[in-house]
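Let's walk through this one together, question by question. Have a look at the model first.

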Amino acid sequence: LTVLIALGPPALASLVWPDGFVAAIGFAGLLAAIPALVVPALAARASRRGPPDALYRAGGGAMLLAATVCFGVLVMACHVGAMAGWLPRYAP
């Protein structure tokens, strides 16, 4: 039952929309940039603002955190730009 629930809808969707997998992976990449890049950098920045005697404080430089956030925003902007037709994208 778990296999049917997990794999059934994607299998049916791939029969209806053969190129839907490529679009789904693109949206997954767009949304994965937020928890993978932006949130950890902002969490490290927030941990540095804590009390000086905190048990754990994130190390590294402010430039590294800014670069990480900028890269996450760039990944999201590239996906949106490709969807809008401003950038080249895969077209079967």
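This is a predicted model: local features need pLDDT of at least 70, side-chain atom pairs count only at pLDDT 80 or more; totals for chains, interfaces and linings use all residues.

Q: What pattern does the protein chain follow along the sequence?
A: The protein chain has three helices and zero strands. Read along the sequence, that gives α-α-α.

Q: Are α2 and α3 roughly parallel or roughly antiparallel?
A: The two helices pack with their axes 9 Å apart, at an angle of about 160 degrees. Angles over 145 degrees count as roughly antiparallel. That makes α2, relative to α3, roughly antiparallel.

Q: How many nonpolar residues does the contact of α2 with α3 have?
A: α2 passes α3 in a left-handed crossing. By class, their contact has five polar residues and two charged ones, and the nonpolar count is 17.

Q: Is Cys70 buried or exposed?
A: Exposed means over 50% relative accessible area. Cys70 comes in at 52% relative accessibility, so Cys70 counts as exposed.

Q: How many disulfides are there?
A: A disulfide needs a pair of cysteine sulfur atoms within 2.5 Å. By this rule the count is zero.

Q: What share of the residues in the protein chain is buried?
A: The cut-off for buried is under 20% relative accessible area. Of the 92 residues in the protein chain, the buried share is 14%.

Key. Residues are numbered from 1 along each chain as its sequence is written. Side-chain values use heavy atoms; hydrogens and water are left out. Axes are lines fitted to C-alpha atoms, for helices over the stretch in contact, and angles run from 0 to 180 degrees between N-to-C directions. Helices (H or I, at least four residues) and strands (E, at least two) are DSSP runs, numbered from the N terminus. Angles under 35 degrees count as roughly parallel, over 145 as roughly antiparallel, 65 to 115 as roughly perpendicular and the rest as oblique. A crossing is left-handed if the near helix is turned anticlockwise from the far one by less than a right angle, and right-handed if clockwise. Ala, Val, Leu, Ile, Met, Phe, Trp, Tyr, Cys and Pro count as nonpolar, Asp, Glu, Lys and Arg as charged, and the others, Gly among them, as polar. Buried means under 20% relative accessible area, exposed over 50%, partly exposed in between (1.4 Å probe, protein chains only).
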